[in-house]
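Here is a short briefing on one protein chain. Look over the sequence and the model first, then read on.

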Amino acid sequence: MNTLQSAERADCTVVTMSKVSDLSYDDAHAWVAEHMQRKNKRGARTNKLVKALDKAGQINGWTVKRLGHGRTRRFSGGQDRKITLKTFIKQEPKGRFYMTVRGHAIAVIDGVPGDDYTPLGRRVDMVWEFIKE
């Protein structure tokens, strides 16, 4: 573990960026601080995260593309509903995804969640796919 990571907390945005973009933790920390205006030991604001990822275009050779509602929602019981993390993983078994669930960011790479503590029943808010070209 490097010195930046050992002193951090509330860094799910940094850890997720590091995993999906193949950046080192320190480089991901710098990218998130610059583009999402994340302060040390504080989580990034969702609106800043959304703007930064939507504008990014490319990060470390990965093309960043937001997924539409057709891949992150389903129509059930007469209503448009957010899908769960578990359902998303079943639908998208391959690929690199940066996603947000309420109050948290998580990476999903080839169907494997990036952490062990996010319940699979959490509803997916937004998803960006990282595509190597």
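Is helix H2 (residues 12-21) largely enclosed by the rest of the structure or largely open, and why? Seven of its ten residues are buried, so H2 is largely enclosed by the rest of the structure. Buried means under 20% relative accessible area, exposed over 50%, and partly exposed in between, with a 1.4 Å probe and protein chains only. The model is predicted: local features need pLDDT of at least 70, side-chain atom pairs count only at pLDDT 80 or more, and totals for chains, interfaces and linings use all residues. Residues are numbered from 1 along each chain as its sequence is written, and side-chain values use heavy atoms, with hydrogens and water left out.

**Overall fold**
- The protein chain has six helices and eight strands. Both are DSSP runs numbered from the N terminus: helices are H or I with at least four residues, strands E with at least two.
- From the N terminus, the order is α-α-α-α-β-β-α-β-β-α-β-β-β-β.
- The C-alpha trace spans about 50 × 30 × 25 Å along its principal axes.
- Of the 133 residues, 41% count as buried.

**Helix H2 and its end**
- The buried residues of H2 are Thr13, Val14, Thr16, Met17, Ser18, Val20 and Ser21.
- Asp22 is partly exposed, with a relative accessible area of 48%.

**Salt bridges**
- The structure holds six salt bridges. Each is a side-chain nitrogen of Lys or Arg within 4 Å of a carboxyl oxygen of Asp or Glu.
- Asp22 pairs with Arg96, the closest N and O atoms being 2.9 Å apart. This pair links distant parts of the chain: Asp22 is in the loop between H2 and H3, Arg96 in strand S5 (residues 96-101), 74 residues apart.
- Arg96 is buried, at 16% relative accessible area.
- Arg38 forms a salt bridge with Glu8, with the closest N and O atoms 2.9 Å apart. Arg38 lies in the loop between helix H3 (25-36) and H4, and Glu8 in the loop between helix H1 (3-6) and H2, 30 residues apart.
- Arg38 is buried at 5%, and Glu8 counts as buried at 13%.
- Lys82 bridges to Asp125, the closest N and O atoms being 2.6 Å apart. Lys82 lies in strand S4 (residues 79-82) and Asp125 in strand S8 (residues 124-132), so the pair ties together parts 43 residues apart in sequence.

**Accessible sites**
- Lys55 is found in helix H4 (residues 46-56). At 70% relative accessibility, Lys55 counts as exposed.
- Pro113 is found in strand S7 (residues 112-113). At 24% relative accessibility, Pro113 counts as partly exposed.
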